[in-house]
Amino acid sequence: MTNIAIIGGHGKVALHLARLLTADGHKVSSLIRNPAHADDVAATGATPVLADIENLSTDELATALAGQDALVWSAGAGGGSAERTYAVDRDAAIRSMNAAAQAGIYRYVMVSYLGSRADHGASPDDGMFAYYEAKAAADNYLRATSLNWTILGPSALTLNPATGAISVGSIPGGSDLPRAETSRENVALVAAAVLADENTVGRFIEFTDGDVPVGEAIAALR
Ligand SMILES: NC(=O)c1ccc[n+]([C@@H]2O[C@H](COP(=O)([O-])OP(=O)(O)OC[C@H]3O[C@@H](n4cnc5c(N)ncnc54)[C@H](OP(=O)(O)O)[C@@H]3O)[C@@H](O)[C@H]2O)c1
């Protein structure tokens, strides 16, 4: 059994992931900012931990994360203002990486998106510009840490039930992938598989819903 914390614990991917991990016998702590979300989190078997990551310092976050073995970032401002997008998706994410190192947590899984990169090519007028910039900054910061990181890059997310099967890209940006969306439940299955497989450390895994069982697709990365 491992102690695993999920930041953005009431998110749609995070709730699926908490269910999967607790069913596997892990002890999950889900960080949430809204006390009204605690019951939904508890229903997954996870322990809700109140923590507004936008306003917590690195030290405070490290204290909240003490005793964890692994950390999953699945939070996001979710299309809020550019200011909030930078505050959550970039700045709070980076603080969480520093806090993880401070708390002695070496395994870090980041939920990013397919195509995340600094030269994303979007213009500053693009409504997604701040998101692309923030995610690239956070992902690149993570790559430069000494954490055992894995970055997940799913395509556009859906609420479809898990198919349990994905396609993993082998070209950055996923141009070899089908033009498919990704079930949030499949993202949770991939995150759980990655947490169980140290061979995924140091990888940016870009994927969509597809036809290879998740376990097989992740094992094939070895
Ligand atoms: N949407 C897509 O098509 C897409 C595609 C690829 C990748 N992604 C990535 O996948 C991630 C997970 O997706 P999802 O659908 O599960 O997201 P989600 O349901 O929007 O969950 C994000 C969570 O982050 C939490 N959060 C935001 N600000 C916070 C704060 N200051 N303190 C604590 N928690 C905070 C939110 O809590 P509140 O409910 O309290 O706001 C929410 O529960 C996204 O963040 C995005 O980066 C998305």
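**Core contacts and helix packing**

Setting aside neighbours up to four places away in sequence, Leu 17 makes contact with Ile 6, Val 72, Ser 74, Ala 188, Ala 191 and Ala 192. The model is a predicted one, and everything here is computed from it. Several of those names turn up again in the largest nonpolar core, which has 66 residues. Leu 17 itself is among the members that touch the most other members, along with Ile 6, Leu 71, Val 72, Leu 152, Val 190 and Ala 191. As for where this core draws its residues from, helix H6 (residues 184–195) supplies the largest share, with 9.

Val 109 gives another view of this part of the chain. It sits in strand E5, which covers residues 107–111. With 27 other C-beta atoms within 10 Å, Val 109 clears the cut-off of 20 and so counts as buried. Once residues up to four places away in sequence are left out, Val 109 touches Val 72, Thr 150, Leu 152, Ala 191, Val 194 and Leu 195. Take Val 72 from that list: 37 residues separate it from Val 109 in sequence, yet their C-alpha atoms are 4.7 Å apart in space. Val 72 and Ala 191 are also contacts of Leu 17.

Zooming out, the protein chain folds into 7 helices and 11 strands. Its radius of gyration is 16 Å, close to the 17 Å that the globule rule gives for 222 residues, so the chain is as compact as a globular protein of that length. Along the principal axes, the C-alpha atoms fill a box of roughly 40 × 40 × 35 Å. Buried residues make up 49% of the 222.

On the H4 side, the contact is made by Ala 82, Thr 85, Tyr 86, Asp 89, Arg 90, Ala 93, Ile 94 and Met 97. H5 brings Ala 130, Tyr 131, Ala 134, Lys 135, Ala 137, Ala 138, Tyr 141 and Leu 142. By type, the residues of this H4–H5 contact split into 12 nonpolar, 1 polar and 3 charged.

Note on methods. Residues numbered from 1 in each chain as written. Predicted model: local features only at pLDDT ≥ 70, side-chain atom pairs only at ≥ 80, totals over all residues. Contact = placed C-beta atoms within 7 Å. Helix = DSSP H or I, 4+ residues; strand = E, 2+ residues; numbered from the N terminus. Nonpolar A, V, L, I, M, F, W, Y, C, P; charged D, E, K, R; others polar. Rg over C-alpha atoms; globule rule 2.2 N^0.38 Å. Buried ≥ 20, exposed ≤ 12 C-beta atoms within 10 Å, placed from the backbone. Core = buried A, V, L, I, M, F, W, Y, C linked by C-beta atoms within 7 Å.
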